[in-house]
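Good morning, and thank you for coming.

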Amino acid sequence: FYFETGAASGQNMVTTGSDVACKWAIAQIRAQRPDINICRYMVEGNCSGDKKLSPLVAMRPRGIHVQAEAYIPESVLKTVLKIDVETLLSSYHLWSQGAQRAGQATNIVNVSNALAAIFAATGQDIACVPESSLAYFSIEPASGTEIADFGTRSLTEAAFKDVRFGWERGERGVYVSVTLPSIVIGTVGGGTSLPTQKECLRMMDCDGDEMSNFRLAEIIAAVAVCLDLSTLSALGTGQFAASHERLGKNRPDSGLRSHHFDGDFFSRVIGNGRTAIEWKPIWIDSKNSILVDIVQNRDIIKLIGIFGFEVKYRDADGKLGSRTVAVKSKATDLESCNMINKMAQGCNSDFAQLYEVHKMNTGFRHVQKREMAMMGMDHPYLTALKPETYHIWNDSSKDIFVIAMEYIDKDIVTHFDSVDDVSMWTTDDIKVVLRDV
């Protein structure tokens, strides 16, 4: 049986339709050829390739055939993916040879990751990921001249660069493509009717009309080609393992966590041989910290921001004392830049793309290192202006950048929280600040 199922993936529809057709055929045979005795039938004989990776996926696909391709100049490869043409092509050949030697059916990098994520988000049948993951990944050398010959001969130089995403005539680059012979998806029926999944489809303009499943297939293919290219570039430049180690959210020792606020930590903060015996959190108003505000609304496990504590201690002579401290945990420069990039995206896409290119050239580069170094200095000019520093914990291997310092109470500081209220600032105040800077 062969079926057209419209915008639905149609698996249940096909099962029901096949069952009805089989029953009809049996009834006709029994009526017209009573000499033929049909004992029983199975509606699924495991010849369809349903939910399994098999040659049938390429030879007789059950889903949508789709291909995504891109021409990428070397300037973009170097800026975004941190790789050049030769390294990328060499990595691709090594990757493809490895797939052949391992007897794999395809040379894809990790298309299944893209499929699994989008399938879950849009209400598809997760069990069809293996079947839909059969794909073919291709990278070839290309040049701006070739792109110019591809239907752009009459364009001006400015129009050429605009249409071809910044290619310079004669600039080399790559042609990259991913072909998926059979993505088993639908935009109506089944899990696509669930509220969250339906909302995701609507966000991508993939709900409602008969062509919506083809649009979804195009989006999946575009994500797949980007993910394969990005992952292969990371492998080719030696960043794959390092990125997992640096960005993996399941690292128990990455970043400052609440369990780090223990007796050993606060004893080092108090110093001079004294022992912390009790520490109680106190509220600190961080409303004027943009980064803290962004972090609190992101899925970041480690602690970032300013935290107050009332610490009670016992000195070497047994005398008791207390001290109020502020503990500042710094975000890394990359985390800070990525947080700000979210703000840039809220402005417009062009600005966000420009910021992405130049973000590590901004003042936030090495920001955690600079502040840690400055707070550790004892130059008279600095000690007269900055809070007293009690303890610095600098461990770049664990992304821990912590400064324990004097707690500044608003009762002893002028111009407290005046970022959004400049009415209290006088000309003399500004002159004092500029002088000290």
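**Aromatic rings and a sheet**

The count comes to 11 aromatic pairs, where rings of Phe, Tyr and Trp (its six-membered ring) pair if their centres lie within 6.5 Å, with planes under 30 degrees apart called stacked, over 60 edge-to-face and the rest tilted. This is a predicted model, in which local features need pLDDT of at least 70 and side-chain atom pairs count only at pLDDT 80 or more, while totals for chains, interfaces and linings use all residues. Residues are numbered from 1 along each chain as its sequence is written, and side-chain values use heavy atoms, leaving out hydrogens and water.

One aromatic cluster is formed by Phe261, Phe265, Phe266, Trp279, Phe307, Phe309 and Trp393. Over the face of Trp393 lies Arg268, at 5.5 Å from the ring centre. A charge sits over a ring if NZ of Lys or CZ of Arg is within 6 Å of the ring centre and within 35 degrees of the ring normal. Arg274 likewise lies over the face of Tyr313, at 5.0 Å from the ring centre.

I turn now to the strands (DSSP runs of E, at least two residues, numbered from the N terminus). In which order do the 3 strands of the open sheet stand? The order is β1-β3-β2, with antiparallel pairing; two strands pair if DSSP finds at least two bridges between them. β1 (64-73) and β2 (136-143) are the edge strands, each pairing on one side only. β2 and β3 (residues 172-183) pair over 8 bridges, and Ala142 stands opposite Gly173 in β3.

Definitions and conventions:
Helix = DSSP H or I, 4+ residues; strand = E, 2+ residues; numbered from the N terminus.
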